[in-house]
Amino acid sequence: MSDYVKKRGEVIEQDIRSTISRRYHTVTSAVNREFWNISSDTQNSFYVGS
């Protein structure tokens, strides 16, 4: 992740970015277990933002 991620011109703190990343991987892992029968927390995912 970039050192400087901005939201509305303000830098998003590292601890918030870490929380977002952890939740993203948790959800990806759950979806992969349920639908793909695999334990990966990165496969079948595409990290985007707006």
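**A helix and the segment that follows**

S29 is buried, its relative accessible area being 12% (buried means under 20%, exposed over 50% and partly exposed in between, with a 1.4 Å probe and protein chains only). The model is a predicted one, in which local features need pLDDT of at least 70 and side-chain atom pairs count only at pLDDT 80 or more, while totals for chains, interfaces and linings use all residues. Residues are numbered from 1 along each chain as its sequence is written, and side-chain values use heavy atoms, with hydrogens and water left out.

The overall plan comes next. The protein has 1 helix and 2 strands, arranged along the sequence as β-β-α; helices (H or I, at least four residues) and strands (E, at least two) are DSSP runs, numbered from the N terminus. Of the 50 residues in the protein, 16% are buried. The protein exposes about 4,500 Å², with carbon and sulfur atoms supplying 52% of that area (accessible areas come from the Shrake-Rupley method with a 1.4 Å probe, and for residues only the protein chains shown count as cover). Among contacts between residues at least 6 apart in sequence, 6% join residues at least 24 apart, where contact means heavy atoms within 4.5 Å.

What does S29 touch? Not counting residues up to four places away in sequence, S29 touches I38, S39, S40 and D41. With neighbours within four places in sequence left aside, S40 is in contact with T28, S29 and N32. The side chain of S40 also reaches the backbone nitrogen of T42, at 3.0 Å.

Further along the segment after α1 comes S45, which is partly exposed because its relative accessible area is 29%. S45 touches Y24 and T28, again not counting residues up to four places away in sequence. The C-alpha atoms of S45 and T28 are separated by 6.7 Å, although these residues are 17 apart along the chain. The side chains of S45 and Y24 are joined by a polar contact of 3.1 Å. A polar contact is a pair of N or O atoms within 3.5 Å; within protein, one must be able to donate a hydrogen and the other to accept it, and residues adjacent in sequence count only if both atoms are side-chain atoms.

Y24 also takes part in an aromatic pairing. Rings of Phe, Tyr and Trp (its six-membered ring) pair if their centres lie within 6.5 Å; planes under 30 degrees apart count as stacked, over 60 as edge-to-face and the rest as tilted. The count by this rule is 1 aromatic pair. In this pair Y24 and Y47 are stacked, with 4.0 Å from centre to centre and 5 degrees between the planes. The pair links distant parts of the chain, since Y24 is in helix α1 and Y47 in the segment after α1, 23 residues apart. Y24 counts as buried at 19% relative accessibility, whereas Y47, at 44%, counts as partly exposed.

Finally, the surface. V27, V31, F35 and W36 form a nonpolar patch there, with about 460 Å² of accessible area together. V31 belongs to helix α1, which covers residues 14-36, and counts as partly exposed because its relative accessibility is 37%. Patches are made of residues with over 30% relative accessible area and no salt bridge, with like charges joined within 9 Å and nonpolar side chains (Val, Leu, Ile, Met, Phe, Trp, Tyr) within 5 Å. A salt bridge is a side-chain nitrogen of Lys or Arg within 4 Å of a carboxyl oxygen of Asp or Glu.
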